[in-house]
Each structure stands twice: as structure tokens, then as C-alpha cells.
Amino acid sequence: MILGAIILAAGSGARFGTSMPKQFIPLNGRPVWEYAYKTIKGHVGINSVVVMFPPSVSVLNDDARVGGNTRRDSTYLGLKALLETQPDITHVLVHDAARPFLTRKIIDDCIEALNSGYDAVDVTIKSPDSIARLDASESFVEAIPDRSKMRLGQTPQCFNAKLLLQALEGAPESLPFTDDIGILLHVFPAAKVKNVEGDEENIKITTQSDLIKAERIANKMLDNPKKNLSGARAVVLGASGGIGSAVVEELRARGVTEIYTPSARNGNPSDFLKGIKDVDIVISCIGQLNRGDFLEMAKITPEAEFGSLWFDEFRINFTLQGQIFWDALHMDVVKRGGSVVFVGSSSAYHGRPGYSAYSSAKAALMNFVQSVGSEEIGVRLNLVNPGRCDTPMRQRMFGEEDKETLATPKQVASKIVDVSTLPCSGSVFDIRANELDT
Ligand code: CTP
Ligand code: MG
């Protein structure tokens, strides 16, 4: 078997709704299409690859070709291009560039099915919902087909190359096919299409909310580089706290020679950062967690530095971080090409009663990192959102909790230091207790 691959990246992404088609949006600093490309290119079972791009976009890559107006046209042009470069291709794999999380296992399973002699392979998953079939007017439900016989279709889809070519050339132009197996079965109803189990995470980015899902999946896949940092210099703010002191230990264990830990809670960043120059890494673990209903916390009190406890909480968790970043850049605390990491909170994704200041400040911090980290700033800026972590701050708020369900400060610190060594900027990394190695 000689297997070629077509990656479909020529769509305009109308449903996604940005002027830049969704497959070019960066995910952890790399365009979406590159993810599947890398997996396919790196698979030993695949002999040649073409990537179909819109005519308006030129990508410097030997495998780049120009796609068509419809998905079907792009597949057809891709197949022609493959057969031109390698006429002895016997089989072809077609994959949506908008599905970045294709796994090696899925490709392995497809190849195994093709080797067994089937005409084609479809990759599908079970549907958690029932599937309703509508009548011709699309206003009435006609039937609920047996769910156990229903699947949701993903890609890749794989074919005997000759059969796919004939199907694409033979299927009527008028029918609204959404994938290539549909075309094959229309032309060759008796074709044997083997079903292969897909993956829940092999999602297609279709709308904006899929991008948020994709960011979470991409960040989970962050491999643990455990990069040696010998000779590096770092600043850790909030180093007296549970996570902060664990970060200092972790940096030491990785070989960081000089670690500055100025007391940062009160005072001005331009004062507490004074005299520190050109470090490689700045990590801010400063945070403050107070509970309180808005009407209570927002009252003006003489003790609160900025008028109310609500504002103090917001200042420490958000505006102070912005000031730290400004001063770190303007006073050359962090060197060009260096790395800044802030510590957020998983509560940023969802506001809960009693936490309007803390959670909304962390949500603001997350948005700050995503936007500013993607601007031309000369340093990398990323955020780690720890889930529930066993820190003194948390114990004060929530009392004794089941330790099994909490991450330790050491585990969280190790991820924070990993993130500080990554090449990306503007990224958010969520960590949950059960995803951490012990
Ligand atoms: N595709 C393609 N050529 C086209 C249309 C689609 O290569 N003329 C690709 C898309 O780039 C995508 C995949 O086919 O990777 C799946 O299509 P879909 O999710 O529908 O993407 P778009 O067609 O770009 O999005 P929309 O339908 O919302 O416009
Ligand atoms: Mg489409």
C-alpha cells in the first residue's frame, strides 16, 4: 500500500466568523492547520502529503497547493496533485485541517483497516444525544433512528485512491455532500466502508466556542519538558505563599542560580523591582482570596487602602499585575526574549456568589495575558490557572479538605516553571489536580 494524505485547509470558515480563516488562527503560537500536518507528516505509514490552502493565502511550504471553492473541489484538486507527485499512490487519507488533535492511533487504526482490503475507512464517535430525522420541509421530526446504529462523523476518511477519484468525478454537482464518504457511497452504494473509533478530542473547530475547547486540549497536551535552567536568573513575586515558595524551590532544583524574591504585596512595583536587571524569568504568584458578598465588600472602610475591600482584592489580583508587567518591561527587569508567567485561577471561567472580586479579577488577568501576550512586546507572557491546590490561602478559606482531590504546591510549581520555558506567548494553561503526575 502506498498512502498519500490530503489536508483540507482551503475553507473560509464562514461559521467561525473572523476575516482570517479559522485554520490560520494561532493555538499556543502555532496555526491550527500545522497541528494535523505535523502528526500526518511525522507518521511513517504516510508516503506523501499535500495541504490545500485558499488562493488568497500563500504559505511557504513545499506541500502547499491551492484548494477549490467547495470542500469536495479541494479534495479533488488534492487527489490530482498527489497523483501527479506520486503516480503509484494506491490509497489516500483525507483530513480536515480544522481538526488539530488527530492522533497517531487513529492513523494506525485507519491503515490497519485499509490493509485488510476495505474500500474505505470512516472515523466516527458515538453520539451522546439522540439523532432526530426531519421530513423534507425540515419542520417535523419523522423518526428517531436507533442510537446504537448512529455515529458522528469525524476525519480522517481513507479511500482506495482509484475509487475516490471515480466517485468524485461521477457524483452529481448539485448534491450538498458534506464529506467524501458521502460522495463515495452515493456513487458506489455497495462500497465496504470500515468504521474506526475516533476520539472525543478530535474536535473540528467550527465556531468561536470550539476554539476555547481547542485551547484547553492543546494545553493539556503540553509535554513536560523539565528543561534544565542552569545559570538562569529569576524573580519570584509572592514567594512567601504556598505556590510561590514551591516555585522558588523548583527553580533552584532546575539549576537557577540567582532568584530574587522582593516583598511585593504592598508598595509600588517600581520600588520593589528597583535594581533587578535582565533576568530570564519573572513569575508572579501574588494573589489574595477573600470571600464576601459584593454589597458587604464594596463598602468604604477606613482600613481598606483603596477605599473598599472589594477594590483592594481586585487591585492585588489584577491591576497590580499589570503594573508589575509594565515596570518589568520599562525598567529592563526582564531581558528581551525572557519569560513572564502570572498565576491565575480556574475560577476565572465561572463567577460564583461571594467571589465577585477574586474571580472577576482573575478573569481580567486571563484576558490581559491573552491579549497583551499576543502583542509585539519582546518577551513571552503566559498564564497558569491552577485548579484546587493545597495552599495555606486555601486552607484559611475552606478549612480541611480531602487532600486526594487537591494538587500540591510542588506539582503546580513544576507546571508553572515548565510554562516559563515554553516558546509560546499569550497562552493560558489550566491544570487540575487529577491531571498532574505525583
Ligand atoms: N475546506 C476546504 N476547501 C473548501 C471548504 C472547506 O479545504 N472549499 C476545509 C476547511 O478548511 C476545513 C474542512 O474542509 O478544514 C472542514 O470544513 P468546514 O469545517 O466546513 O470549514 P469551512 O468550510 O472553512 O467553514 P464554514 O463551513 O463555516 O465556512
Ligand atoms: Mg464548510
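Ligand 1 sits in the second largest pocket, where sitting in a pocket takes more than half of a molecule's atoms within 2 Å of the pocket's grid points. This is a predicted model, so to speak of local features takes a pLDDT of at least 70 and side-chain atom pairs count only at pLDDT 80 or more, while totals for chains, interfaces and linings use all residues. Residues are numbered from 1 along each chain as its sequence is written, chains are lettered from A and ligands numbered from 1 in the order written, and side-chain values use heavy atoms, with hydrogens and water left out.

**Around the ligand**

- Which residues are closest to ligand 1? Leu8, Ala14, Arg15, Ser74 and Lys204 are, out of 19 that surround ligand 1; a residue counts as near if one of its heavy atoms lies within 4 Å.
- By class, that shell holds six nonpolar, eight polar and five charged residues. Here Ala, Val, Leu, Ile, Met, Phe, Trp, Tyr, Cys and Pro count as nonpolar, Asp, Glu, Lys and Arg as charged, and the others, Gly among them, as polar.
- Now for polar contacts, meaning pairs of N or O atoms within 3.5 Å. Lys204 has a side-chain N or O atom 2.6 Å from an oxygen atom of ligand 1, and a polar side-chain atom of Lys22 is 2.9 Å from an oxygen atom of the ligand.
- Taken alone, ligand 1 exposes 560 Å², and the protein buries 87% of that (Shrake-Rupley areas with a 1.4 Å probe).

**The ligand's pocket**

- The second largest pocket has a volume of about 830 Å³. A pocket is an open set of points on a 1 Å grid over the protein atoms alone, with protein on both sides within 12 Å along at least five of seven lines, and lining residues have an atom within 4 Å of a point. Points are joined across faces, edges and corners, and the volume is the space filled by probe spheres set on them.
- Its lining counts 27 residues, with Arg15, Lys22, Arg71, Asp96 and Lys204 nearest the centre. Helix H2 (71-85) and strand S10 (152-160) are the elements that give two or more residues to this lining; both are DSSP runs, with helices (H or I) of at least four residues and strands (E) of at least two, numbered from the N terminus.
- S10 gives the most, with four residues.
- The lining splits into seven nonpolar, 13 polar and seven charged residues.
- Pro156 lies in strand S10, and a cis peptide bond with omega of about 10° joins Thr155 and Pro156.

**The largest pocket**

- This one holds about 1,200 Å³ of space.
- Leu289, Ser345, Tyr358, Thr391 and Met393 lie nearest its centre, among 49 lining residues.
- Which element gives the most to this lining? H12 does, with six residues.
- By class, the lining has 19 nonpolar, 21 polar and nine charged residues.

**The cavity**

- How many cavities of 30 Å³ or more turn up in the whole structure? The search finds one; a cavity is a set of points where a 1.4 Å probe fits but cannot get out.
- The largest cavity has a volume of about 40 Å³, and its lining includes Cys389, Asp390, Arg394 and Lys403.
- That lining divides into two nonpolar, three polar and five charged residues.

- Glu138 has a phi near 60°, a positive value in a residue other than glycine, and Glu138 lies in the loop between strands S8 (133-134) and S9 (141-143).

Terms used. Polar contact = N/O pair within 3.5 Å; in protein donor to acceptor, adjacent residues only side chain to side chain.
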